[in-house]
Amino acid sequence: MVQLYNLHPFGSQRVVPCKQEPAHFCCGRDVLFVASTAASCRVEVFAVRDQGLCEPLGSFATLGPVLRMAHSQAGPSKDNLQLELDEFIICQKPVELLGEECKLCEIPITLESTELPTEDTKHFQVQYLLFRHFTPDQSPFGFCEETKLHSVQLLPVYQTGSSVTAHEETENKRELLSLFCFFSLPHVGYLYSVGNVVELISTYQYSEKSEQAVLTPQFLHVITSENLQCFTVRCSAAAARDEDPYIDTTVKACPPVTLDVCTLRMQLFIGPRAICHFKNHIILFTKAVTEDITERRKPTRRMLSRKADSIKSRTNSESEPGWNLYIINTVSTIQLYREMVDYSRTYENVKTKSCIHLLSEAHLLVRAALMDPCFLNSDEKEELLTAFRESCAFLGDCYSRFDTKDYHLALPYYRMSGLSMAEVLKRLVSEGDEMQTYERGFVFYLTHSLNEDLNEELSKESANKVLQIFHLADPVQLPHILCSTCMRNVSPLTAVNYLQKIEKTMPSVVLTLTKAFMALKMGDLVMYEHEMDSYKETVLACGFAGQPKLLMQRKEGVVTPTEFAVHLKEVQPGLLVAATVALHENSKIELEEADTFFKILCSNSENTVPQLLMDFWEALLVVCSQEEVLQELLLRVTSQYVWRISKQQLPETKPLKTAEDLINSCKHYGLIFPWITSIMSVGSPSDKDYHEDISKLQSLLCSQSIDIASALPLLEPLSEAGSIGLAVRVLCSTRLGQHEQALDQLLRGSPAAAVLYAQHELKDERRAMWWNKLLPELCKKARLLGTDCPVLISALKETLSVVATELELRDFLSLLPEDGAAAFFLPHLLHCSQRKLLT
């Protein structure tokens with residue numbers, strides 16, 4: 001793996017016109033502050049313009065020497081507050097602790113705010129994130145000076161809404177997405193992700209001793225005694241995964257956090273001493289001491305004696321140290337991206353990992369820019385999005401062309417590129433090259449794209465080329481890819497020729513069905529009948545399950561369901577239903593396509609629903625997870641149950657599942673309530689003929705799945721239908737929260753079921769309806785009917801038992817009718833009073 005790419009991240013550089021030697025400097029909001037050396041106690045201020053141009057704004061004196069400077073945003077926000085809670089902790093043990101374990105270091109931390117006190121500052125607290133300490137005996141360098149920590153930095157990455165869209169919100173609305181901690185020793189640097197999980201993501205080994213390092217979202221800049229170095233970073237890869245945990249799928253991808261870091265450039269300077277970063281500028285302070293100057297100007301051995309005197313005479317003037325403060329522009333993201341892409345082509349032909357590595361670096365460079373709102377304006381946004389899609393296409397090409405273990409990444413990168421299948425074919429397939437070989441990544445991409453039926457029809461030439469590719473690279477897939485809607489324009493004669501070659505070595509049911517399908521497209525009915533008669537019906541059903549598009553494609557010149565359905569009439573219904581359910585759940589056929597298939601298969605008119613289709617709907621309810629499809633299915637089966645019951649229409653064949661089967665296997669069919677069973681016990685004899693449909697309907701209404709408000713119009717035909725009508729009306733009233741109305745309906749139609757209903761439904765906040773509603777109504781009815789209605793009397797006694805248990809004696813007594821028979825109520829009064837005494 002190449003570790004050094006000689007690219008050019010550094011652009012123009014300008015000298016900051018400081019009047020005195022800088023001691024400290026910092027940047028913020030396009031302003032550069034430079035504190036002079038201790039003797040002057042003065043700070044110079046410069047405005048930073050485009051291309052690093054610095055304009056003096058003025059200067060101000062300080063009361064004493066400046067020891068340290070830092071820029072802080074005026075006014076706290078909640079997001080920045082979160083960032084300032086974090087601390088990097090060092091203590092006296094050679095150990096690494098992460099997260100809450102850091103508290104074991106037992107080092108007290110006191111927060112000190114540099115801002116005016118506000119309401120927010122009261123909520124400041126310390127959160128331990130990371131503890132790491134180095135000692136000489138653990139270091140390969142051996143000396144304390146060599147293990148001294150010289151740079152520590154926290155880098156936030158903010159939520160952008162999408163990793164490839166610009167962030168247009170104001171800074172006060174920014175939401176922290178990821179946080180990174182970087183610290184550096186003279187010979188090695190460490191980059192940690194300190195989000196939900198604290199982990200080391202990169203280690204940087206420097207080629208020579210470093211003086212200082214600064215981390216940016218795109219690069220790590222390090223200064224040594226003689227140069228400025230630029231390293232790649234993995235922050236955008238980690239942040240992209242924080243933003244989208246499902247980024248590594250067949251739809252999306254991102255280079256790994258563990259990708260090798262590399263050096264992009266080593267820029268020579270004389271005596272780099274300090275560095276800071278601001279937007280796309282690097283501010284670098286250099287100071288050449290006497291040794292630096294004399295070493296660089298040392299004469300050769302031949303010239304030494306001749307010039308010895310002159311060197312001595314100039315020692316005083318030349319030994320004075322020289323310094324400069326530079327602003328160095330980093331080149332634009334697009335410019336560096338282009339250079340990386342061009343550089344990658346030097347590795348393209350030898351197919352090394354370096355090509356993928358460099359293109360991954362280019363991709364992450366663009367991704368980091370898109371995640372950083374500071375660098376975006378409307379023009380840059382579109383240009384960067386174009387580069388992002390282009391980089392995805394380049395990576396897709398690499399994983400398609402190269403023999404790599406990560407070949408599957410061709411699929412998500414091509415999808416992110418926005419390229420059509422035809423465009424990908426044009427990039428990778430050479431015209432007229434019959435001997436071209438195809439790697440696994442390209443075949444993987446084509447297989448998935450064709451099986452998922454992208455909304456794209458390939459031309460006849462492209463479709464035939466795809467046939468050739470699979471014939472050479474993966475012939476077993478040919479029958480399946482021929483059934484893709486993308487392949488509608490394929491030449492059926494060419495397809496049959498390829499299929500016949502495969503059939504000699506790998507015959508299968510699906511292959512035979514595919515040949516029959518192609519025969520129909522050619523209008524060759526003799527060949528079609530021959531192929532369809534090759535297997536028995538049950539085997540055809542297996543073929544149908546393996547490749548349903550053979551039966552479902554409907555377009556001019558393409559086979560219709562009728563032509564294939566005729567061969568499946570004797571197939572086991574359970575097999576067809578199970579296969580169709582699996583196909584629908586895997587998005588292979590739509591609900592309407594399945595409806596059409598079963599209606600054709602059962603030779604039903606458009607006005608009736610065959611039992612096989614009902615079986616399919618009921619079976620699909622068991623596994624359905626899409627809410628929209630679920631509600632549509634619930635309404636469909638409800639409508640059919642109601643139609644059969646009201647029209648007294650029995651199913652033409654025995655249903656595959658009974659009501660009990662559905663209750664046990666499907667959560668959308670609930671247990672039938674006891675009070676419903678009580679209502680139905682006095683139903684008419686004809687109800688028994690439709691017992692299964694009645695039970696299934698009641699079970700559906702007892703569950704919480706169906707939208708009762710939507711189902712009410714469908715249930716209207718049963719409103720006057722005896723016991724079943726009463727049960728349905730009460731169920732609907734209950735599901736709509738109309739419990740008083742439900743009680744009225746029961747007291748009129750089935751008083752015996754009223755108490756069972758109350759026991760089941762009148763709980764918690766509805767408990768008071770026992771004595772406020774049910775007891776008065778039962779007493780009223782008992783007065784009217786007297787002892788001629790034993791069911792009513794039994795219900796009244798049961799209600800009195802419950803009320804006597806719940807109420808205080810005085811309250812219970814106030815509810816009893818004044819004209820009631822004392823002997824009837826006395827036992828309940830005694831029970832109530834005894835309960836009070838026991839209490």
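I started with helix 5 (residues 333–344) and helix 6 (residues 353–371), which pack at about 170 degrees with axes 9 Å apart. Axes here are lines fitted to C-alpha atoms over the stretch in contact, and angles run from 0 to 180 degrees between N-to-C directions. Helices are DSSP runs of H or I with at least four residues, strands are E runs of at least two, and both are numbered from the N terminus. The pair is therefore roughly antiparallel (angles over 145 degrees).

This is a predicted model: local features need pLDDT of at least 70, side-chain atom pairs count only at pLDDT 80 or more, and totals for chains, interfaces and linings use all residues. Residues are numbered from 1 along each chain as its sequence is written, and side-chain values use heavy atoms, without hydrogens and water.

Next I listed contacts (heavy atoms within 4.5 Å). On the helix 5 side I found Leu-336, Met-340 and Val-341 among others, and helix 6 brings residues including Leu-358, Glu-361 and Leu-365. The contact residues divide into twelve nonpolar, two polar and one charged (Ala, Val, Leu, Ile, Met, Phe, Trp, Tyr, Cys and Pro count as nonpolar, Asp, Glu, Lys and Arg as charged, the others, Gly among them, as polar).

Then I checked helix 2 (residues 235–243): seven of its nine residues are buried, meaning under 20% relative accessible area with a 1.4 Å probe, protein chains only. Among those buried are Cys-235, Ser-236 and Glu-243. The buried residues pack against helix 6 and strands including strand 9 (151–158) and strand 13 (210–215).

Conventions:
Parallel < 35°, antiparallel > 145°, perpendicular 65-115°, else oblique. Buried < 20%, exposed > 50% of the residue type's maximum accessible area, 1.4 Å probe, protein only.
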